[in-house]
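Dear colleague,

I am passing this structure on to you.

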Amino acid sequence: MDRGDLFIISAPSGAGKTTLCSMLLDSLDNLEFSVSHTTRSPRPHEVHGKDYFFVTEEEFERLIKEDAFLEWARVHENFYGTGRDQVLEKLSKGIDVVLDIDVQGARQVREKFPGAITIFILPPSWKVLEERLMARGSEDRERLKVRLQNALKEIEEVTNYHYTVVNDKLDLAFNQLKSIILAERQKTRRVLTSEIDLEALKPDPNSWFMA
Ligand code: ADP
Ligand code: 5GP
């Protein structure tokens, strides 16, 4: 069995990454989300173990010392990290894994997994990004400002990613994102190692054709 592929998805906060990732995971088989650890407080609808593992700073530091993270970073005002074992186990079972991580984390993972496929989600405009963040209502004004200040720097990183999706109309962006995953799955290397029975492609030695 071939190893799964690793997909890294990054975006400035509010671009729609969580929304798109959740649609993607609902619509494709053999694709799983890596649940990160964070020291941020949960939002009202967020579930421990599904959206994030919500941990204290002390727990996070312990995990760093234990070398439990594939990557970790301070993003906005909190710590976020990807559990190494969780990701490696899924990949070794042939499952494709989606990492929803920031640009610093993406840089670290790219070094360890040069084959990772990187996707950047952009909002259609700065104005829309601000509106979406405000409408989501998950941050107070000060925290919103930090996220927007970081967004300026994060958007500059887009050129380091293999693919870009502009999330204007949700359905179109979703279809584009899904197409990227589907196209990667049709790479010859993958098809040859997982789907094709090469024996079935050989002609029967007794057939009229071989005589
Ligand atoms: P991120 O995970 O990138 O911070 P979210 O997925 O939480 O962003 O999206 C931010 C807000 O924008 C949410 O309230 C979400 O419902 C909304 N949203 C996402 N994509 C679109 C879209 N294409 N059109 C309109 N609103 C959107
Ligand atoms: P949020 O607080 O809005 O859920 O996420 C804030 C930012 O942290 C987003 O850019 C998200 O991609 C990033 N993030 C989430 N999990 C991780 C992680 O495990 N590692 C890193 N480096 N960033 C993460």
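In the residue classes used here, Ala, Val, Leu, Ile, Met, Phe, Trp, Tyr, Cys and Pro are nonpolar, Asp, Glu, Lys and Arg are charged, and the others, Gly among them, are polar. By these classes, the lining of the second largest pocket has two nonpolar, five polar and six charged residues. A pocket here is an open set of points on a 1 Å grid over the protein atoms alone, where a 1.4 Å probe fits, with protein on both sides within 12 Å along at least five of seven lines; lining residues have an atom within 4 Å of a point.

This is a predicted model, in which local features need pLDDT of at least 70 and side-chain atom pairs pLDDT 80 or more, while totals for chains, interfaces and linings use all residues. Residues are numbered from 1 along each chain, chains are lettered from A and ligands numbered from 1 as written, and side-chain values use heavy atoms, without hydrogens and water.

Ligand 2 takes up the largest pocket (more than half of its atoms lie within 2 Å of the grid points). Of the 41 residues lining that pocket, Lys17, Thr18, Arg43, Tyr52 and Asp100 are closest to its centre.

The distance is 2.6 Å for a polar side-chain atom of Ser36, 2.7 Å for one of Arg147 and 3.3 Å for a polar backbone atom of Gly81.

Regards

Conventions: A polar contact is a pair of N or O atoms within 3.5 Å; within protein, one must be able to donate a hydrogen and the other to accept it, and residues adjacent in sequence count only if both atoms are side-chain atoms.
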